[in-house]
Amino acid sequence: RKPSRCPPATDTFGRVRPRSLLIRYAAGLTWAYVLTLAEVVAIVVSLSGRGVVTADNVVTVGLIGAVGTATVAAGAVLIIRPSLRWLDAGLRPTPAQVQTAAKTMRRQTFITIAPWILTAAILVPLNLATGVGGLIILGSAILFGAIATISTGFLFTLRTLRPLLAGVPDDVKRPNAPGVRARLLLMWTVCTALPGSAIALLLIMRSNGLLVAESASIELALLVLALVAVVLGLRAMILVSMSISDPLGQVVDAMADVEKGKIDRSIDVYEWSEIGRLQTGFNRMVAGLRERDQLRDLFGRHVGEEVARRAVEQNESPSGDERDVAVLFIDLVGSTQLAVVHEPHEVARVLNDFFRIVVAAVDEQHGLINKFQGDAVLAVFGAPLRVADPASAALATARQLASELRTLPVDFGIGVSAGPVFAGNIGAENRYEYTVVGDPVNEAARLADRAKEFDDRVLCSGAAIARSESDERDHWTPKGQLRLRGGSAATDIYAPS
């Protein structure tokens, strides 16, 4: 079966070409060895009084340095090339390839320490005649070189390897890398415990005459070990701090973007320790936020944006509350006949124009489209968001709709009422519907039905007029009384002036 593909890895600055990654990695590892070799030579030369610096040693170190440089460069290419094949092709790595990528650091350690093992195997036998002091200086310098090369190699290649490690998909099982605690303990062991133990051991050996005479001078050897602790400790501290602060800083910056509303943000997961789990957790959190935002958008399209926001932010219970609201009901006339004489797509266009006009007018007055019932619409003003004057808002909306809907090839009736209603979520625990229940709702529907008999096609109740402001009342004229279906008494009705 053809292997699935995954997107090529990218770093902070964009896509990284595998060929460029290979060159940068090999150059970084090689430069780490060359730099450390120069440091070791400088330390040994500064202690030339021990007879370590001789013509034979200079020639030998030169040859070993050339061989070691070539070995490190070739080893770096061999280490990373297998992983770059699937990265370059954009293929999904197999479990075996993931294991190979996980062993990159381990193999890098072996490659960088190999030249120093060769150095010790050749130089120590050649310098047996220098005595214990000279051998201690030489051995300490080689030990410093080996440890410093490993640390410097990681320091120079840490960021280079991140696109490769990030290229492994999140759903692929990754081997665990040393965590923050393990890295700090390893740094303390290599940079503090080993040099400190060596210094203490030398002092104990000289004071007891073990291998080192009591009259022997070991101050220079102690100085070398102290330099190892200071110089190597600084380098290791920078390495460990970068491996922790860089990904954490990336997460902090990404969180700041999310806080600004950029929920399409994601970060590369190039850490395979608990820091990597933090990176993965951030990506999953943002994916959850995107899903929640999509659901909220979909929810808002069905029940209204304000109701959706209220449900999300306040976690509304089905209890609801009672409040004074204004209700607007609008019903089309002749929509059935329209479907008979027109094509379905033409009917859909007319209905969409109708709903678009109604929604825009209601939103302008901060009302809620509570229900679409076939070719009818129920709008509420004052719930769920409280407005200063819901009756005036509903009446103004009715007048605006009466003007704008005349451009459509259908007739309509609009009714407006106001009064106390129950406003809240109705339904089972796992499925709510926000609605309003009360006599004003029924009265508005009855008025919309009777409004079709009037020229203006708009009627409102006396309760709505009584609750509106004087400026809005001036736009309405009394039309007498009507006994509405289901009502026990006559209702005062008004129409636009």
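Biologist: Is Val-67 buried, partly exposed or exposed?

Modeller: Val-67 is partly exposed, because its relative accessible area is 44%. Buried means under 20% relative accessible area, exposed over 50%, and partly exposed in between, with a 1.4 Å probe and protein chains only.

Biologist: What kind of model is this, and how are residues numbered?

Modeller: It is a predicted model, where local features need pLDDT of at least 70, side-chain atom pairs count only at pLDDT 80 or more, and totals for chains, interfaces and linings use all residues. Residues are numbered from 1 along each chain as its sequence is written, and side-chain values use heavy atoms, leaving out hydrogens and water.

Biologist: Where is Val-67 found?

Modeller: Val-67 is in helix α2, residues 55-89. Helices (H or I, at least four residues) and strands (E, at least two) are DSSP runs, numbered from the N terminus.

Biologist: Which residues form the nonpolar patch on the surface?

Modeller: Val-67, Leu-118, Ile-122 and Leu-126 form it, with about 310 Å² of accessible area together. That area comes from the Shrake-Rupley method with a 1.4 Å probe, and for residues only the protein chains shown count as cover. Patch residues have over 30% relative accessible area and no salt bridge; nonpolar side chains (Val, Leu, Ile, Met, Phe, Trp, Tyr) are joined within 5 Å, like charges within 9 Å. A salt bridge is a side-chain nitrogen of Lys or Arg within 4 Å of a carboxyl oxygen of Asp or Glu.

Biologist: Which helix gives the most to that patch?

Modeller: Helix α4, residues 104-126, with three residues.

Biologist: New topic. How many residues does α12 have, and how far does it reach?

Modeller: Helix α12 (residues 344-364) has 21 residues and reaches 30 Å from its first C-alpha to its last, close to the 30 Å expected at 1.5 Å a residue. The expected span is 1.5 Å times one less than the number of residues.

Biologist: Which residues of α12 are buried?

Modeller: Val-347, Val-350, Phe-354, Phe-355, Ile-357, Val-358, Ala-361 and Val-362. Seen down the axis of α12, the buried residues fall within an arc of 155°, so they line one face of the helix. The arc is that of the directions from the helix axis to the C-beta atoms.

Biologist: What is on the other side of α12?

Modeller: His-345, Arg-356 and Glu-364, which are exposed.
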